[in-house]
Amino acid sequence: MSAPSGTDPEHRAIIVIGAGIAGIGLAVKLREAGFDDFVLLERASRLGGTWQANTYPGCACDVPSHLYSYSFAPNPNWSRTYGSQPEILAYLRSVAERHDVVRHMRFDTPLIRARWDEDALRWRVETERGEFSADVLISAVGPFSEAKIPGFPGLSDFEGAQFHSLHWDHEHDLTGERVAVIGTGASAVQFIPEIQPIARRLTVFQRSAPWIVSRMDRRTLGVERALLRRMPLLGKAMRGAYFAGIESFGLVGFVDRRFRHPFQALSRWQLHRQVRDPELREKLTPDYMIGCKRAIFSDAYYPALAQDNVDVVTERIAEIRPRSIVTGTGAEYPVDTIVWGTGFGALPQLYERIVGKDGRSIAEAYLDRPGSYLGAAAAGFPNMFCTLGPFGAAGNQSAIYMIEAQIGYIVDALKTMRDKGIRRVEVRPGVQRSFLDEMEERSRETVWLKGGCDSYYTTADGRNAGLYPDWSFQYRRRVAEFDVASYEASVR
């Protein structure tokens, strides 16, 4: 859809793409900083990002709720240690409504293309609901927004039902069916225990065994919630304790791989405690270092796999037939429904649609290697910022902690532009190169590169795909204020 002939596109000082966790947080902080001329473009029909998109059975956070929430909006009323999808979505809605930012959101407005106009010093933004222009463009789209389904031979001939965890078919009843789950990532670990009791036969196709650590989830007591409401400092203390516990995974990630031993021992103890069958236990024992791939928290996964109606298949899939799946050894497994737990694309499709000053999209700019400055800006894309860009995510901390740090940096950048009359900012290419070289050097001995596995943590040529290889609190200090000297800034 284009603007009507003879009319100008709607102009906003700031356009934010996405109304999930990052978009909501940005909107709150923009308003606090005195910005009101901005809009959030959201492709879905409601806010929430990944928490409105993922509705599979058992969907929940794998970070304790007191940490997986905004520091400026603590919630003393979490019903469990780890919030479920409905509760997290309700929390995000309440934050957006309480801070009056829903009025800035345009739902059902997918982005078609955004292009930087160097002559006008504006972003030209095309959506399915019309055209916009903006002085500043901010991507608040998360990295796990596009489902990934491998192209196995024969997939198009499969006659049964199939769906990805991101697009769960709640109208389809799995009761009494022969269900194949392909993939054993974080989502699959959550939904497998939910569907195992109702499936006639559940076949789990595992490419590599995940490291599973005890979740220790429980319902919170009414007295706990009452104390948290009356004593906010107690909530801050709990948040700090959870922060320290999760941050400690950095010891394995980038300090010294020998720190993996106590973490692996805890995981192996859980495996031995919950899986008695030695043959199944061997299949479920990871053959790489913990932290090389994302470790997963669960107390229900192993018991579900140990049930009599479950098969764990470790042979590679060779072919999908109309009503079965065949492995490389020739074994054939009858299947009524395939549930894909195969994760997400390495980059959001959005990156193909954002074009910078040289006519290159973000996706094209990332072909050589994922690139950004501090995970918040990129050379070649003036007046654009993002959250959780390359090297702006941590493997050892809550995503919200990192997002809040980036929100602070971006809002400070916008305040600097406003206060100094700056119309155009772009990170200096040399500054970005130095940052990326530093990230690459710090990554050389990390468990992500030396842990003996392949994952979305690494690129095809074996480099760090974008995790910040240092402590998250160190990153937060680094982005505490906008370093305008690192940017080409002009007032023209």
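Residues are numbered from 1 along each chain as its sequence is written, and side-chain values use heavy atoms, with hydrogens and water left out. Because the model is predicted, local features need pLDDT of at least 70 and side-chain atom pairs count only at pLDDT 80 or more, while totals for chains, interfaces and linings use all residues.

Charged side chains make a friendly place to begin. The structure holds 29 salt bridges, a salt bridge being a side-chain nitrogen of Lys or Arg within 4 Å of a carboxyl oxygen of Asp or Glu. One of them joins D62 to R294, with 2.2 Å between the closest N and O atoms. D62 sits in the loop between α2 (50–53) and α3 (85–98), and R294 in the loop between α9 (278–283) and β11 (296–297), so this pair ties together parts that lie 232 residues apart in sequence. Here helices (H or I, at least four residues) and strands (E, at least two) are DSSP runs, numbered from the N terminus. D62 counts as buried, at 19% relative accessibility, whereas R294 is partly exposed at 32%. For these words, buried means under 20% relative accessible area, exposed over 50%, and partly exposed in between (1.4 Å probe, protein chains only).

Another salt bridge links E224 with R218, whose closest N and O atoms are 2.8 Å apart; R218 is partly exposed, with a relative accessible area of 40%. R321 and E319 also meet through their side chains, at 3.3 Å from N to O. R321 is partly exposed at 33%, and E319 is partly exposed at 31%. Elsewhere, salt bridges that share partners join E10, R12, D37 and R106 into one network.

The helices come next. Two packed helices are described by the angle between their axes and the distance between the axes. Helix α1 (residues 21–32) packs with α3 at an angle of about 20 degrees, and their axes are 10 Å apart. (Axes are lines fitted to C-alpha atoms, for helices over the stretch in contact, and angles run from 0 to 180 degrees between N-to-C directions.) That angle makes α1 roughly parallel to α3, a label for angles under 35 degrees. At the contact itself (heavy atoms within 4.5 Å), I21, I24 and V28 in α1 meet L92, V95 and A96 in α3. By class, this contact has six nonpolar, no polar and no charged residues, where Ala, Val, Leu, Ile, Met, Phe, Trp, Tyr, Cys and Pro count as nonpolar, Asp, Glu, Lys and Arg as charged, and the others, Gly among them, as polar.

Conventions. Angles under 35 degrees count as roughly parallel, over 145 as roughly antiparallel, 65 to 115 as roughly perpendicular and the rest as oblique.
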